[in-house]
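Subject: Structure for you to look at

Hello,

Here is the structure I promised to pass on. Please open it next to this email and follow along.

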Amino acid sequence: MDKCARNSEIPHDTLISMAQQESVVLLLKHCQEMKRQESRLRLVTLFLVLGCAAVFVFTQRVNRDRNEKDSFTHAEYSRQQAIDRQGQNLKPNAHLTTSSRCNSVPDDYIQWEHQETGLVHMQNFTYDEKKHALVVPQGGRYFVYVGVNFRMPHKDKVSGEIHFLSLKVLKFSNRYPDNCTIMEVKDSIPDNRREARTVYTGQVVTLEEGDLLRVSINEDNYELIDCSAETSMYIGAFLL
């Protein structure tokens, strides 16, 4: 029994060595755990940095696109404003010329070439084909003018007869039942091969929106109209 007791006793140095080994093992495990935590922390930090970088890049791109869109919108808006101002600065005006049917006798009024070719132009004005009339776009004081060239037709014999010419500029408004003569001019031309006349009149008149401007001449004057060029007859108006 004494022998067994002696064998069960462990030397003190051995116990210290074992305790030290256990401490080293615990320390190693602790270091390994710290390294694993450090690796996980670094990985999480890397993901956070990458996420922040992605958000920053995305935000910058969105801001850049928004600024480009705002700049484009502003440029388009400025351009449209300039166009609108230019349109506002262009006061209503019109100039119509010789119609291809100028010698034909219409119902009551001279027909005009209103397609915008050559000297023809209309700014805000419109033309009523059925009524052979310029339609006034807005109320105001206008200078209205009209000119028609007349010439004697070529023929073998001349009689020396005097042809009387009469030209009227008429205004029609829905407020009144009849035409209102705003200008009238008269002239005469002898029956001579070389004779020609230009009948012209123009003056300032007050017009209202929707008023119609028309020209009438004597029925027997139509065959005397010079239709050789677009400058031989014309009507025009412009807002003062």
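Does arginine 194 count as buried or exposed? Arginine 194 counts as exposed, because its relative accessibility is 81% and the cut-off for exposed is over 50%. Keep in mind that this is a predicted model.

Now find where arginine 194 sits. It is in the loop between strand E8 (180-190) and strand E9 (196-207).

Strands of a sheet pair through backbone hydrogen bonds, either parallel or antiparallel. Here, five strands form an open sheet with antiparallel pairing. Their order is E4-E5-E10-E7-E8. Strand E4 (126-128) and E8 are the edge strands, and each pairs on one side only. On average, neighbouring strands of this sheet are turned by 20° against each other, direction ignored.

Zoom in on one pairing. Strand E5 (residues 133-135) and strand E10 (residues 212-217) run antiparallel and are joined by two bridges. Leucine 134 has leucine 213 in E10 as its bridge partner.

Then come the aromatic rings. How many aromatic pairs does a search of the whole structure find? The search finds five. One of them is phenylalanine 143 with phenylalanine 238. The ring centres are 5.5 Å apart and the planes are at 35°, so this pair is tilted. Phenylalanine 143 is in strand E6 (residues 140-151) and phenylalanine 238 is in strand E11 (residues 233-239). The pair links distant parts of the chain, 95 residues apart. Phenylalanine 143 is partly exposed at 21% relative accessible area. Phenylalanine 238 is also partly exposed, with 36% relative accessibility.

Tyrosine 145 and tyrosine 234 make another tilted pair. Their ring centres are 6.2 Å apart, with planes at 50°. Tyrosine 145 lies in strand E6 and tyrosine 234 in strand E11, so this pair ties together parts that are 89 residues apart in sequence. Tyrosine 145 counts as buried, because its relative accessibility is 13%. Phe143, Tyr145, Tyr200, Tyr234 and Phe238 form one aromatic cluster.

Last, go to helix H2 (residues 12-89), where you will find phenylalanine 47. Phenylalanine 47 is exposed, with a relative accessible area of 55%. Together, Leu43, Leu46, Phe47 and Leu50 make a nonpolar surface patch of about 410 Å².

Best wishes

Note on methods: Residues are numbered from 1 along each chain as its sequence is written. This is a predicted model: local features need pLDDT of at least 70, side-chain atom pairs count only at pLDDT 80 or more; totals for chains, interfaces and linings use all residues. Side-chain values use heavy atoms; hydrogens and water are left out. Helices (H or I, at least four residues) and strands (E, at least two) are DSSP runs, numbered from the N terminus. Buried means under 20% relative accessible area, exposed over 50%, partly exposed in between (1.4 Å probe, protein chains only). Two strands pair if DSSP finds at least two bridges between them. Axes are lines fitted to C-alpha atoms, for helices over the stretch in contact, and angles run from 0 to 180 degrees between N-to-C directions. Patches are made of residues with over 30% relative accessible area and no salt bridge: like charges are joined within 9 Å, nonpolar side chains (Val, Leu, Ile, Met, Phe, Trp, Tyr) within 5 Å. Accessible areas come from the Shrake-Rupley method with a 1.4 Å probe; for residues, only the protein chains shown count as cover. A salt bridge is a side-chain nitrogen of Lys or Arg within 4 Å of a carboxyl oxygen of Asp or Glu. Rings of Phe, Tyr and Trp (its six-membered ring) pair if their centres lie within 6.5 Å; planes under 30 degrees apart count as stacked, over 60 as edge-to-face and the rest as tilted.
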